[in-house]
Amino acid sequence: MTRIPRFNQHCDPGVLRLAFVTPLLVASLLLTPPAMASQVNWSPQSSERLVKLPTNYLKKSLDNDFAQSSLGEALSTSEENISLKGSTLADLQQAIASSTGDVRLELRHEFLAEKRAYLDMMTERNALRRQHLETKRNLFEDMLDHLSQQENTGPGAEEVIANQEAALERFERTYADVDRNFFSNSMAPESRYAQQFTKNMQAIEQLVARIENHKLNASSMGEEEIPMTRKEHLRRLVSDAQAEISIIEQEETILGYMAKLVALDAMDLADDGLDAELADSDVTRSLQPATSVSYFLNN
Amino acid sequence: MLIQSFKTMLMASAVIAFISTVAQAGTLENLERERAQTVNYFLDSNLQPNERHARIEVSKRRLIDMERMVLRDNSLRGKTTPIVRRAFLNYDVTFMAHSATEKNLTMLDNWLDQFSVNTDSLMSAKIGRR
């Protein structure tokens, strides 16, 4: 009686590993969650100080704050690791092209495993980038709210502001006349406040002129070189952050397709391994009853 | 180099934070106190005319400075507290020193005028029992 050999008796260990490990690889690719919950964070606050920062300086200040945070450090490390992993993939791809037989099979398996690791790292990095951009977008939105609150301090504010502007306008219009009338009819010298105020105003005017010409105080320029207000600049930053988040979503789709390709390649590799093993096997390919009829015709 | 620039940035932030916390406090309250004192001089029947005039002149100099402090105080801009709301509702009453000098009137005349009390109305008034 012909004994049907057990599968693992004649199997090459490499092929055996492929047969068991590759399905696991495929399963893990399909079951891996899109992004691991991150323990790192960056929590900038929409403070009065931040709202008052010159628009050109705001972005640099935030970038610097982010780079110092645990989220910034994690993103930087992740990008370095991805760059190294990219080099590993390139090396493996070259090695596969110049190899044959079992070594090639082994290298293809290694290549798949490295591609899977690369995708994991890219997914994790995108999760960090998304966290960064969402935090930034929320911050800019908070700053916009802050700015709106400052501009509109509550019901009735418009009426108060209108009255204040009218009062200031009347004061400025009559300021010189008041001084002339008062001091010509009075023996009293100008008050210390008035003297000091005039002196300080000259100093203030010089400082204001220097501030207006300072490069970091220059208004941000929009399209067609139109200066933007602080509110417009913040709105632009919010939409930039949103645009980057949309790009990340598109990148996640690309990573999804890459993962699917790795899974299909892994199944293909497992299939190739099994085909090669079966071709060398002693097991009869056809086990149809009709082919064994001769065993039963003679006693 | 990085540490140096970080320190510089921290310093800049601290300076900006300082600027943002600087605010003039109580300019309007000071003006209101001085104005109340001036109105007391207007109405104090124990004061002799010369003494009243001298006190009001001193008050006027102080009021001119205080009124300017209030008008230049940016921290009051858009504030909807009752005291700010009321203060800017009537320039002639709140900024009585400026208003009077602008109109070339005494502060007392200008102030009474705001309540429709003037020489003509006083002269035509009759003493009687209500």
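1. A residue is called buried if 20 or more other C-beta atoms lie within 10 Å of its own, exposed if 12 or fewer do, and partly exposed in between, with C-beta atoms placed from the backbone. With 10 C-beta neighbours inside 10 Å, B:Asn104 therefore counts as exposed. This residue, B:Asn104, sits in the loop between α6 and α7 of chain B, and its phi is positive, about 60°, although it is not a glycine.

2. The structure is a predicted model, in which local features need pLDDT of at least 70 and side-chain atom pairs count only at pLDDT 80 or more, whereas totals for chains, interfaces and linings use all residues. Residues are numbered from 1 along each chain as its sequence is written, and chains are lettered from A and ligands numbered from 1 in the order in which they are written.

3. B:Ser116, a residue other than glycine, has a phi near 60°. B:Ser116 belongs to the loop between α7 and α8 (119-123) of chain B, and it is exposed, with 7 other C-beta atoms within 10 Å. For context, most residues other than glycine have a negative phi.

4. On secondary structure, helices (H or I, at least four residues) and strands (E, at least two) are DSSP runs, numbered from the N terminus. Chain A has nine helices and zero strands; chain B has eight helices and zero strands.

5. In chain A, 14% of the 299 residues count as buried, and 84% of the contacts between residues at least 6 apart in sequence join residues at least 24 apart. In chain B, 23% of the 130 residues count as buried. Of the contacts in chain B with a separation of 6 or more, 57% are between residues 24 or more positions apart.

6. Which residues of α2(B) are buried? They are B:Leu28, B:Leu31, B:Arg35 and B:Thr38. These residues cover an arc of only 85° around the axis, so they are on the same side of α2(B); the arc is that of the directions from the helix axis to the C-beta atoms. On the other side of α2(B), B:Glu29, B:Arg33, B:Ala36 and B:Asn40 are exposed. The cover over the buried residues of α2(B) includes α3 (49-71), α4 (82-87), α6 (96-103) and α7 (107-114) of chain B.

7. Two helix pairs of chain B can be described by their axes, which are lines fitted to C-alpha atoms, for helices over the stretch in contact, with angles running from 0 to 180 degrees between N-to-C directions. α6(B) and α7(B) pack at an angle of about 105°, with their axes 9 Å apart. That angle makes α6(B) roughly perpendicular to α7(B), since angles of 65 to 115 degrees count as roughly perpendicular, those under 35 as roughly parallel, those over 145 as roughly antiparallel and the rest as oblique. From α6(B) the contact takes B:Met96, B:Ala97, B:Ser99, B:Ala100 and B:Lys103, and from α7(B) B:Met107, B:Asn110 and B:Trp111. By class, this contact of α6(B) with α7(B) has five nonpolar, two polar and one charged residues, where Ala, Val, Leu, Ile, Met, Phe, Trp, Tyr, Cys and Pro count as nonpolar, Asp, Glu, Lys and Arg as charged, and the others, Gly among them, as polar.

8. In the second pair, α3(B) and α6(B) pack at about 110°, with their axes 8 Å apart, which makes α3(B) roughly perpendicular to α6(B). B:Lys60, B:Leu63, B:Ile64 and B:Glu67 of α3(B) make the contact with B:Met96, B:Ala97 and B:His98 of α6(B). The residues of this contact divide into four nonpolar, one polar and two charged.

9. At the interface, 27 residues of chain A are in contact with 24 residues of chain B. On the side of chain A that touches chain B, α2 (48-52), α3 (55-68), α6 (157-185) and α7 (192-213) of chain A each supply at least two residues. α6(A) gives the most to that side, with 14 residues. By class, that side of chain A has 12 nonpolar, 10 polar and five charged residues.

Technical notes:
Two residues are in contact if their C-beta atoms, placed from the backbone, lie within 7 Å.
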